[in-house]
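This briefing concerns aromatic contacts and the packing of selected helices and strands. Please consult the sequence and the structure shown here alongside the points that follow.

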Amino acid sequence: MLKFSSQNCLKNKHVLLVCIVSIGALLRFWHLGKWSFWIDEVLTVMDADELTLSNSPINPIPYLAAKFSLFICEGLSFMVDGSGEWNSRLIFCIAGIISIPIIYSLGQCLYNRRIGLLAATFVALSNWHLFWSQNARSYILTFLFAALTAWFFYRSLEKDSTLLTICALISCVCLILSHLLAAAIVPALATYAIFQLYRERNRKRWINMIVFFLPFTIPVLMLVHPQIWGYISSGWGHNEWGRSPLYIILTIVQGVSIPIAITAFFAVLRKPIDRPTLFLVCFAGVPLGLLLIASQLQNVAGYYLFWSTPAYFILAAVTCDRIWDKINSEGKGTLRVLVPCVLIVTLLSQDFLYFRYENGGRPRWREALHAVNANRLPSDKIVLSEPKIAKYYLPEIESVHVGEFMKDKDAFEREWRSSGGKRLWFIVDVASFNVFDADLEVRNWIRQRGHLLRTAPAFSRAKDRTLLLYVVE
């Protein structure tokens, strides 16, 4: 009878996991092709189209994924008639869905099935995870490979398994080839490994750690290569976006949601700290510390650490599990679901905003450029902050970076008029213009000489992403 009940319990948890993954899949496929590309997606798709063995970038995996995604959709065109956005994002969307059961497995491996299910639920409903799953960008791939790396690495230390160590190494290499700065996971894992080696030293564990960490000494020596060093140091000394340590921390807190971040924090306060919690603290804390230091030298963004957020979701689940056990032992069963319900309702409310009001967390570039296309003349020119987006959506119209216009606005207009041009189109990307046109000088010039044709409003993650379409005749 006990065996039958255990089997039923296990079966119910598998059913719950299938339901969680199904909900996550539905959210990620919903409006997958509706949202316009933003500049980073356009760059990924255009670079993927030109990808060859001779011009492979340092982080080739996202470009290969975008290229393969387009190839698959073209091959299945008789079944799938998606937009360019849908086709380019398909593989990234699937990677986001696959990462949900991976988080369950990681949470179960570290703690128990209940924590795994809660963590998978939080990830499935996460607004941030949803955003990157619907993006032709590397970050959802880093989340997937980081979770796999963490899973294999932790198990390899627990079991002293060389096979699991090699699997962790392969996953970690894929992570770094998805985004170079994700190499910060290596010192995070090294920190935890040192604690484990200090706790229990044995020959097999030393050999496994050498197998894992030795290959990463070679890339350190490769820093002298001009291309690699140029890629890493490209933002040094240039931080016009104001990405301070506080900005980076707030980006992560807002990304995972404030309730998740607070709940995760309480899981760390319990003393003594157990091995799984120590592992998650190293996994998330060491890269965060390194990035905060790097932010003083280089222009880095908080979402570079998106791959470390599995720790936050699992730690939030740990706090929920501890509350569940404590309240259950005191006979107040109805209160034990309060914290998980608050977290789930918060995440659902963010998903509602994402679909209903935030336009998928990105500007309406496609809508604005289609409006230009519907009203343009052959000799028209368009001025905007992201010419590559215009090149993707409107390759037949000449586009100019707003920086060229800002050098000398009147001279730019005179040269344009003298060349026989009839009209100038301006797309004001409010989020970008707020940075390089903080004094409104450029926008005032545009308003005085042109008239507003269309407004494409979008607000997400505490930022105005509205596009304003002006025409100067």
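Rings of Phe, Tyr and Trp (its six-membered ring) pair if their centres lie within 6.5 Å; planes under 30 degrees apart count as stacked, over 60 as edge-to-face and the rest as tilted. By this rule there are 32 aromatic pairs. The model is predicted: local features need pLDDT of at least 70, side-chain atom pairs count only at pLDDT 80 or more, and totals for chains, interfaces and linings use all residues. Residues are numbered from 1 along each chain as its sequence is written, and side-chain values use heavy atoms, with hydrogens and water left out.

**Aromatic pairs**

- W38 and W132 form a tilted pair, 6.3 Å centre to centre with 55° between the planes.
- W38 lies in the loop between α1 (2-29) and α2 (39-49) and W132 in helix α6 (residues 127-133), so the pair ties together parts 94 residues apart in sequence.
- Helices (H or I, at least four residues) and strands (E, at least two) are DSSP runs, numbered from the N terminus.
- Both W38 and W132 are buried (under 20% relative accessible area, 1.4 Å probe, protein chains only; exposed is over 50%, partly exposed in between).
- Ring pairs link W38 and W132 into a cluster with W128, F131, Y139, F143, Y303, Y304 and F306.

**Strand β1**

- Both faces of β1 are covered, with K381 and V383 buried on one side and I382 and L384 on the other.
- β1 pairs with β2 (residues 398-401) in the parallel sense over four bridges; two strands pair if DSSP finds at least two bridges between them.
- L384 stands opposite H401 in β2.
- Four bridges also join β1 to β3, which run parallel, and K381 has L424 of β3 as its bridge partner.
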